[in-house]
Amino acid sequence: MSSYTSDIREPLVNGHKTYHQITEDLVGPTERAPGLGWTIGFILSVTTLAFGVFCIIWTIWHGIGTWNLNRTIGWGWDITNFVWWIGIGHAGTLISAILLLFRQKWRTGVNRAAEAMTIFAVMCAGLFPLLHMGRLWQAMFIFPYPNTRGPLWPNFNSPLLWDVFAISTYFTVSLLFWYTGLVPDFATVRDRAKGLRRKIYNFLSFGWTGSAKHWQRWEALSLVLAGIATPLVLSVHTIVSFDFATSVIPGWHTTIFPPYFVAGAIFSGFAMVLTLMLITRKLLHLEDYITLAHIESMNKVILVTGTIVGVAYLTELFIAWYSSYVYEQFAFFNRAVGPYWWSYFGMMFCNVISPQIFWFKKFRRNIALTFFISIVINIGMWFERFVIIATTLARDYLPSSWSLYSPTWVEIGIFVGTGGLFFTLYLLFSRVAPVVAIAEVKSILKSAGDQYTGPNKVHHHGHGKDHGLHADHSVSNVDDGNHGAMATAGLTGAGLGSGIAQDYKAEKISTSQPDLNTGSVTNSGEVESNKQDPSEVDSQENKSDKENKGGFTGKGDQLKKIEGIGPKISEVLNAAGISTFKQLSEAKVEDLQNILDTSEGNFGGNSPESWPEQARLAHLGKWDELKDLQHRLDGGKY
Amino acid sequence: MADHKDIIFGLYDDEEILLDAVKVANIKHLDIMDVYTPFPVHGLDPLLGLSESRLHIAGFVYGALGTLTAFLGMTWIFTKDWPIVYGGKPHWSVPAFIPITFELTVLFASIGMVVTFYVVNGLGPGVVNPTIDNRITDDKFCIAFESNAISKGDAESFFKSTGASEVHSKTI
């Protein structure tokens, strides 16, 4: 492939996927009956949604008086929740638009679900201002349209109206972007379906054919949409922050708000993406597509944005002091040590301190910890909005009008209900659409699949120059259900990883053993597989023998491939005359234990029980099986 | 589809083989009807002689339309139709118009481009295009010729020599 593959970046698609396997894995969940986890989740979500709907009806029926807002605290949970949901809605477009412009390949694994999340989060967010207006049935008054009231127009100078435009534009553009990406994938689902299902998915796929011109326009459209969605996503939370920053309320009217809100939005959005993706990954078995590399990348974004948010918090404090403006100083003093000190502490701890553990690679790649921290951040970012809104309003200029605020069951119910709405929609989405963008993952497979990049990659050279000459080798693979079978037949017998073979026609692949000496490509072991047939297994084995002995100059380097063998033990084994996989595979466990016991150095914790088996697989070139085995092993022990 | 077309098409297993096959077709001056792939294959457009998409130009025009609509609209409303003094500020307060102008620029450009995309591609809700092969959206890369543009023998030898895994004829 002409695309560049990196030796350093780790693969983003694991499991030696073929194009067909990607389709199977990603369309599969929409074709099967839902599992128990999904069913339970859906019942819970719909139940909470139903309670939320009840609370909304209660609010509309009885009025806003059912909330605990008062003269001093006019914005409480409603606007807190609104800003919280809008913030969560920022990660989707960031991932799909900004990361597309930056050509970040890891976006392909998570963009679809993140965009879906964005759309659902914005829907949840939009509910709160609408309800807060009181007369929901007159919500259209916020839009400028010729009317019989004068015509009376909205105030275009008001940030609240800017918000209306920003959020409705954001919702529309996100929806268009998301759906345009879904169209080719719906076509994939359609082409595997029959009967009514096929009709439905044909409708959803808009009759997509996969024509070259359509793809060209599709890519042009995606790129331009990404280009204009990037400033859009930054503008949305900027404008949300104007709701506060253009006011004259101490603690709100700060110029740092736009960048601080945007960083906070991306921060909370990524936290929610992680929460959702880690669950989705588990439930739909997408570990090969949402890899540790994806999780680590997102944790890096969390670390950066969390730190930006932390700097913003501290800057606010500094400026309050530096401005010598007593009301501003009091606002921040009140936030930190006033009656709502616990929410300020929660905000600082959850948003600034907790993500700092992601400075360590070990923690960035720890799934359980990432999940935990992502929830901590979701909570922390809710506290932030509560601190900014309710805490600040609680103590205004006049001590006589100071007040406190706690939500009623109706307000709590609506918030919980939006959570139900969010998860209901997300769970439905995961049933009807591929949660990972199929076409986009396929398009990065050759540059980011694990058979082409990373430590397990297989080098392939000189593609495409000569296959025309091998017409007589072409195998007619007419059997629909038997993708790639012909290639496998030719290659697995020769002891090569079966995964790589499925992609490639047998006469085309030209491969060497996986590169064991990191950095240096060995051509000595290269096998022209078109010359192979299963009867040549022996000569192939001889070849790999030769490679093991002659191809690698670094003494015993390769033994480190065995789990449990480090550089030290490798040296010890070399000294005892074991330097190849073949020799190690033929050694007895007791003998190996003996070598370890009699050598200098403390190898008490190392058990050689699995080494001969690992070496046998390595010797035969069964890297996949070796990898599987090593997954099951614990430090080389069974 | 009112007009039926007879086509002969070959399916390839890999986009690199497909790209080379298209090169061979160019050398042999074969008239390819279309190429169908499961994902965008880079490098295919110049080989097929596809000119660059003009969608972004359309996007610019729609965006400019949005800018004008928003800015002129607000200007007309606040200076001519119903001038109101808000907080003692001028009627024509340009900085306050910027956010909405920006949002409508993006909104018009996005909606316009997406609609244009589907219209020029002939795609949309309810459109039923003939399926050449179900696996084209899965893992097969297809080169299709119209049957009257190439003889059956030529097509078959072309597909065979360029490494197609299957060759079929179909009326679509």
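What is the mean pLDDT of chain B, and what share of its residues reach 70 or more? The mean is 90, and 99% of the residues of chain B reach 70 or more. I ask that at the start as this is a predicted model. The scores for the model are ipTM 0.94 and pTM 0.77.

Let me begin with the contact between the two chains. Chain A puts in 67 residues, and chain B puts in 67 residues. On the chain B side, the elements that each supply at least two residues are helix 1 (15-27), strand 2 (34-36), helix 2 (44-48), helix 3 (55-81), helix 4 (94-121) and helix 5 (152-161). Of these, helix 4 of chain B gives the most, with 17 residues. Sorted by class, the side of chain B that touches chain A has 36 nonpolar, 18 polar and 13 charged residues.

Now to helix packing inside chain A. Two packed helices are described by the angle between their axes and the distance between the axes. I have two pairs to show.

From helix 4 of chain A the contact residues include A:Ala91, A:Ile95 and A:Leu99, and from helix 5 of chain A they include A:Val110, A:Ala114 and A:Met117. By class, this contact has seven nonpolar, five polar and two charged residues.

The second pair is helix 3, residues 77-88, and helix 15, residues 409-432, again of chain A. Their axes come within 10 Å and cross at roughly 15°, so helix 3 and helix 15 of chain A are roughly parallel to each other. This crossing is right-handed. A:Trp77, A:Asn81 and A:Trp85 of helix 3 meet A:Glu411, A:Phe415 and A:Thr418 of helix 15. That makes three nonpolar residues, two polar and one charged.

One last residue. A:Asp163 sits in helix 6 of chain A, which spans residues 159-192. Is A:Asp163 buried or exposed? A:Asp163 is buried, because 21 other C-beta atoms lie within 10 Å, and the cut-off is 20 or more. Leaving aside residues up to four places away in sequence, A:Asp163 touches A:Ile239, A:Val240 and A:Asp243. A:Phe242 is 79 residues from A:Asp163 in sequence, yet their C-alpha atoms are 8.7 Å apart in space.

Terms used:
Residues numbered from 1 in each chain as written. Chains lettered and ligands numbered in written order. Predicted model: local features only at pLDDT ≥ 70, side-chain atom pairs only at ≥ 80, totals over all residues. Contact = placed C-beta atoms within 7 Å. Helix = DSSP H or I, 4+ residues; strand = E, 2+ residues; numbered from the N terminus. Nonpolar A, V, L, I, M, F, W, Y, C, P; charged D, E, K, R; others polar. Buried ≥ 20, exposed ≤ 12 C-beta atoms within 10 Å, placed from the backbone. pLDDT = per-residue confidence, 0-100. Axes fitted to C-alpha atoms, helices over the stretch in contact; angles between N-to-C directions. Parallel < 35°, antiparallel > 145°, perpendicular 65-115°, else oblique. Left-handed = near helix turned anticlockwise from the far one by under 90°.
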